[in-house]
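Here is a short report on a protein model. Have the sequence and the 3D view at hand as you read.

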Amino acid sequence: MLDYDDEARHYDATRGGEPRARAAADAVERLLPQGPCAVLDIACGTGIVTERLLRPERTVVGVDRSPGMLGLAARRLPGGVVRGDAAALPFASRTVDAVVIVWLLHLLPDPDPVLAEAARVLRPGGVLITTVDKNDAYFVEDSDIAQVTADLRRAYAPRVPDRSARVLDRAAELGLRMAARTVFPGTGQGRSPRGWREAIDAGHISWCTHAPQDRVADVRRRLAALPGQETARPDPQYPLIALKS
Ligand SMILES: C[S@@+](CC[C@H](N)C(=O)[O-])C[C@H]1O[C@@H](n2cnc3c(N)ncnc32)[C@H](O)[C@@H]1O
């Protein structure tokens, strides 16, 4: 995992900034209970999404283990952030109405302890809202890039920790099942064919780092042959699910 203390200064600017945060918060809002409630945003990061969940009738608290990220979140949510590990939350059982987890599960070697903690702090009837299948987000909408990369992705995508089937299985063991689902756009994050080749070369694409080099070279060639080398394809669409008892 990245060192988020180092990442903190650049995080907002490099992860879609305000448009991404607005889209994510709008999607979370669609899944949150209305009216007075207590919301816990696990792995709140810089608080760029969390602050948009504030409402007069709502208590919103963010938790994160990175002091660097949390320092920025504290400016957005004065008195509303706590340092802590998502796998050992510093909160009592059955005390929150909604747990929000945006872009954490895909980073973890094992998401099970975090899901168990989220379920523990939820009040009966509460909702756990989390992103899943983050790495598939670029391919939710069909595109020429989705087609050119499809075989390699199918063969070499590692078994990612935020795979929805896996999350749903674990949630079922915790007494939670899917109540709703939505997506939010990674506004401005769509990549051009050249952008994909650069991301592959930089080692940022996991299904390429796991594949034989001749197959990666073939995909690079096919990306280079696509029209509109500088034209970004559709923005990724990040899936978000709501789990309830
Ligand atoms: C990709 S950022 C997401 C931040 C925020 N949710 C957002 O969407 O902008 C991942 C965050 O998870 C935090 N994190 C990673 N592992 C964690 C853990 N075990 N407990 C708490 N926070 C963790 C990192 O410090 C970082 O702030």
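Predicted model: local features only at pLDDT ≥ 70, side-chain atom pairs only at ≥ 80, totals over all residues.

Phe139 sits in the loop between strand E5 (122–131) and H5, while Trp196 belongs to helix H7 (residues 193–201). The two are 57 residues apart in sequence, so their pairing ties together separate parts of the chain. Phe139 is buried, because its relative accessibility is 13% and the limit for buried is under 20%. Trp196 is buried too, at 4% relative accessibility.

Phe139 has another ring partner, Trp207. This pair is edge-to-face, with 6.2 Å from centre to centre and 65 degrees between the planes. It again links distant parts of the chain: Phe139 is in the loop between E5 and H5, Trp207 is in helix H8, and 68 residues separate them. Trp207 counts as buried, with a relative accessibility of 6%. Which residues do ring pairs join into a cluster? They are Tyr138, Phe139, Trp196 and Trp207.

## Charges over rings

Trp196 also has a charged neighbour. Arg191 lies over the face of the Trp196 ring, 4.5 Å from the ring centre.

The charged end of Lys134 sits over the Trp103 ring, at 4.6 Å from its centre.

## The largest cavity

How many cavities of 30 Å³ or more are there? The count comes to 1. The largest cavity has a volume of about 50 Å³.

Its lining includes Tyr138, Phe139 and Trp196 from the aromatic cluster. Arg191, the residue over the face of Trp196, is in the lining as well. Ser143, Ile145, Arg233 and Pro234 are also lining residues. By class, the lining has 5 nonpolar, 1 polar and 2 charged residues.

## The second largest pocket

The second largest pocket holds about 160 Å³ of space. Phe139 and Trp207 are among the residues that line this pocket.

H5 gives the most, with 3 residues. By class, the pocket lining divides into 6 nonpolar, 2 polar and 4 charged residues.

## Positive phi angles

Most residues other than glycine have a negative phi. Trp103 is not a glycine, yet its phi is positive, at about 60 degrees. Trp103 is found in the loop between strand E4 (96–101) and helix H4 (112–121). Is Trp103 buried or exposed? At 10% relative accessibility, Trp103 counts as buried. This is the residue whose ring has the charged end of Lys134 over it.

Ala43 is not a glycine either, and it has a positive phi of about 60 degrees. Ala43 lies in the loop between strand E1 (37–42) and strand E2 (58–64). Ala43 is partly exposed, with a relative accessible area of 22%.

E4 and E5 run parallel, and 5 bridges join them. Where does Ala98 find its bridge partner in E5? The partner is Val127. E5 is mostly covered, with 7 of its 10 residues buried.

Strand E6 (residues 177–185) contains Ala180. Ala180 is partly exposed, with a relative accessible area of 28%. Ala180 and Leu152 are 28 residues apart along the chain. Their C-alpha atoms are separated by 31 Å.

Key
Residues numbered from 1 in each chain as written. Heavy atoms only, no water. 1 Å grid on protein atoms, 1.4 Å probe; cavity = no way out; pocket = protein on both sides within 12 Å on 5 of 7 lines; lining within 4 Å. Points joined across faces, edges and corners; volume = space filled by probe spheres on them. Helix = DSSP H or I, 4+ residues; strand = E, 2+ residues; numbered from the N terminus. Nonpolar A, V, L, I, M, F, W, Y, C, P; charged D, E, K, R; others polar. Buried < 20%, exposed > 50% of the residue type's maximum accessible area, 1.4 Å probe, protein only. Phe/Tyr/Trp six-rings, centres within 6.5 Å; stacked < 30°, edge-to-face > 60°. Lys NZ or Arg CZ within 6 Å of the ring centre and 35° of its normal. Pairing = 2+ DSSP bridges.
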